[in-house]
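Have a look, then read on.

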Amino acid sequence: MLGIDFSFSRIERDDFRRFYDAGYRVAIQDLWTGGYLNNQGLKNVAALNLADAQAEGFIIAGYSNASPWYSTEVSLKETIANAGAMWDNLDVVAVDVEIAALPTERIWHLAQALEAAGKRVCIYTGWWYYNGEGRPDWSDLYRYPQWLADYATPPGTLLQPIPGLGPVVGHQHAGSVDPFGVGIAVDLNELDANWWEGDMSAITVSVTIPAGETVGVAEIIPVSGEFYFATVQNLEIGPFVPKVGVTGPPLRRVIVEIPEAHSTELVYQVAILQV
């Protein structure tokens, strides 16, 4: 599945139609830069772009920069404000990870906040960033799939996933291009259709954490030749925000962990998505 992403360009409906006719199906709007620089510029175009893209048949999504300068609360507030009336129409909002010296907990906290706001989340980044930051420990981000920027690798090529993150569901292979010569700047992407279309029908697993314990495990039947990962979509949060993971491939268990024991049994409904 082909997609475009963009930030400050105002993309007219006719231009979206050109991309749609060329086979593009996902339109992803920048919703927060991680600071206030040009934030008004996003407010001026984001909702209009998303509305026109949706009107032309696109799946619409957004991305929000994890910020070392502003709190998660401010980042989420600005992200929602910039999306305007189109916020409720977004299924996916990616966390953009490309600002230098960004603490891992800022990535994790923004991802959790977006999930709590009802969005599915992936991590946008690249090996250039991961290596440049000294290959940080991202093991706490293991349930989030990755959307990688890699301009040196042609589309249609399997990308090496960054350690600690979930499977690759997107490849941004060209940046700031204007394919039709109409004065706009977009990035070009090859995307995993199953994930971006939000097909959550693969497996739903009930995981019980007994009273007084912090970990619950559910055995499931592995599916030969398939890779799955856990997502918090359709997961009942309860009194704690859990970590969710899977073993495999082949997949045999779903594991849910909470930070401290609870006095009563907790049951979580975990969606397992095929990639």
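## Around W138

Leaving out residues up to four places away in sequence, W138 touches V97, T104, I107, T125, Y129, Y130, I162, P163, G164 and L165, where contact means heavy atoms within 4.5 Å. This is a predicted model, with local features needing pLDDT of at least 70 and side-chain atom pairs counting only at pLDDT 80 or more, while totals for chains, interfaces and linings use all residues. Residues are numbered from 1 along each chain as its sequence is written, and side-chain values use heavy atoms, leaving out hydrogens and water.

W138 also turns up in the largest nonpolar core, which has 45 residues: together with I4, V95 and I107, W138 touches the most other members. (Such a core is a set of buried Ala, Val, Leu, Ile, Met, Phe, Trp, Tyr and Cys residues joined through side-chain atoms within 4.5 Å; buried is under 20% relative accessible area, exposed over 50%, partly exposed in between, with a 1.4 Å probe and protein chains only.)

Now for helix α3, residues 72-83. T72, S75, L76, E78, T79, N82 and A83 are its buried residues. They sit on the same side of α3, because their arc around the axis is only 165 degrees. E73 and K77 are exposed, on the face turned away from that buried side.

| Residue | Phi | Relative accessible area |
|---|---|---|
| A101 | near 60 degrees | 58%, exposed |
| S176 | near 50 degrees | 62%, exposed |

A101 lies in the loop between β4 and α4, whereas S176 lies in strand β7.

Conventions. Helices (H or I, at least four residues) and strands (E, at least two) are DSSP runs, numbered from the N terminus. The expected span of a helix is 1.5 Å times one less than its number of residues. The arc is that of the directions from the helix axis to the C-beta atoms.
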